[in-house]
Amino acid sequence: MTTLHINAKLKDFSKRVLIAGDPLRVKYIAEKYFKNSVQITNVRSMLGYTGMYKNKKISIMSHGIGIPSCMLYVQELIKYFNVKKIIRIGTCGVIDNDINLHDILISIGACTNSKINRLRFKNYDLSAIANFNLLYKAKKISKKMGLKVRFGNFFTSDFFYEPNRKVFNLMQKFNILAIEMETVALYSLALELKIKALSICTVTDHIYKNKKVSVNDRILLCNDMIELALETIIL
Ligand code: HPA
């Protein structure tokens with residue numbers, strides 16, 4: 001089954017898929033962590049790979065930046081490639097002074113300034129939540145790996161460059177853990193199409209402290225998060 005955005009065959013994908021925004025990070029992860037890694041799709045250079053991790057078939061797919069891009073890849077993965085479990089491994093910004101660059105944050109749920117869920121859910125407010133089973137497994141595995149991981153509410157923004165910085169004060173007031181651009185799309189589709197989804201991010205931007213991880217380090221810094229996601233998705 002080739003779709004408009006994924007030129008793979010049905011059997012090319014595992015039912016377990018990691019997703020990440022950046023195609024080069026996806027390539028790096030497949031080559032570093034998968035045995036017998038094969039590239040299975042390359043439409044628009046949005047690369048996808050399948051290989052083996054600890055004797056389990058696993059795939060990784062890139063999804064670009066933002067809700068519309070993420071949504072179309074996740075929708076095609078679920079509807080046309082029969083994917084049942086998706087863990088997003090991404091990067092995020094933070095506002096809390098106690099959180100530092102490189103910290104790992106896991107989304108229990110996600111709110112948004114996008115209208116997608118109002119449109120999809122007939123103007124009601126959808127609680128875009130993670131799959132409890134994956135949350136529980138991620139908690140257990142992070143403890144076993146000795147990782148300090150925080151769980152909380154993400155804010156999925158349509159902006160990387162927020163035009164109204166006062167919004168960050170509001171997010172702080174409502175205890176938002178991380179700001180990124182895709183989780184609400186993944187969770188909304190996962191709820192509707194009845195698959196398991198989780199979103200994990202590594203902090204690359206501290207908005208108030210004005211600190212950033214460099215472009216090159218963004219690809220390399222996420223090893224703990226990648227291992228946590230791999231161990232969680234195969235369990
Ligand atoms: N804002 C939104 N999305 C992001 C950020 C950010 O600061 N960092 C990584 N993704």
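Ala, Val, Leu, Ile, Met, Phe, Trp, Tyr, Cys and Pro count here as nonpolar, Asp, Glu, Lys and Arg as charged, and the others, Gly among them, as polar. The model shown in every view is predicted.

**View 1. The shell around the ligand.**

**View 2. Polar atoms at the ligand nitrogens.** Two distances are marked. A polar side-chain atom of aspartate 205 lies 2.7 Å from a nitrogen atom of the ligand. On the backbone, a polar atom of glycine 93 is 3.3 Å from a ligand nitrogen.

View 3. The ligand takes up the space of the largest pocket.

**View 4. The largest pocket.** Its volume is about 820 Å³. The lining has 33 residues, and Thr91, Phe160, Met181, Asp205 and Arg218 are the closest to the pocket centre. Two or more lining residues come from each of strand 5, helix 5 (166-173), strand 9, strand 10 and helix 7 (215-220). Strand 5 has the largest share of this lining, six residues. By class, the lining of the largest pocket counts 13 nonpolar, 10 polar and 10 charged residues.

**View 5. The second largest pocket.** This pocket has a volume of about 160 Å³. Lys56, Lys140, Ile141, Lys144, Met145, Glu231, Ile234 and Leu235 form its lining. Helix 4 (132-145) and helix 8 (223-234) each supply at least two of the lining residues. Helix 4 has the largest share, four residues. By class, the lining of the second largest pocket splits into four nonpolar and four charged residues, with no polar ones.

Terms used: Residues numbered from 1 in each chain as written. Predicted model: local features only at pLDDT ≥ 70, side-chain atom pairs only at ≥ 80, totals over all residues. Heavy atoms only, no water. Polar contact = N/O pair within 3.5 Å; in protein donor to acceptor, adjacent residues only side chain to side chain. 1 Å grid on protein atoms, 1.4 Å probe; cavity = no way out; pocket = protein on both sides within 12 Å on 5 of 7 lines; lining within 4 Å. Sits in = over half its atoms within 2 Å of the grid points. Points joined across faces, edges and corners; volume = space filled by probe spheres on them.
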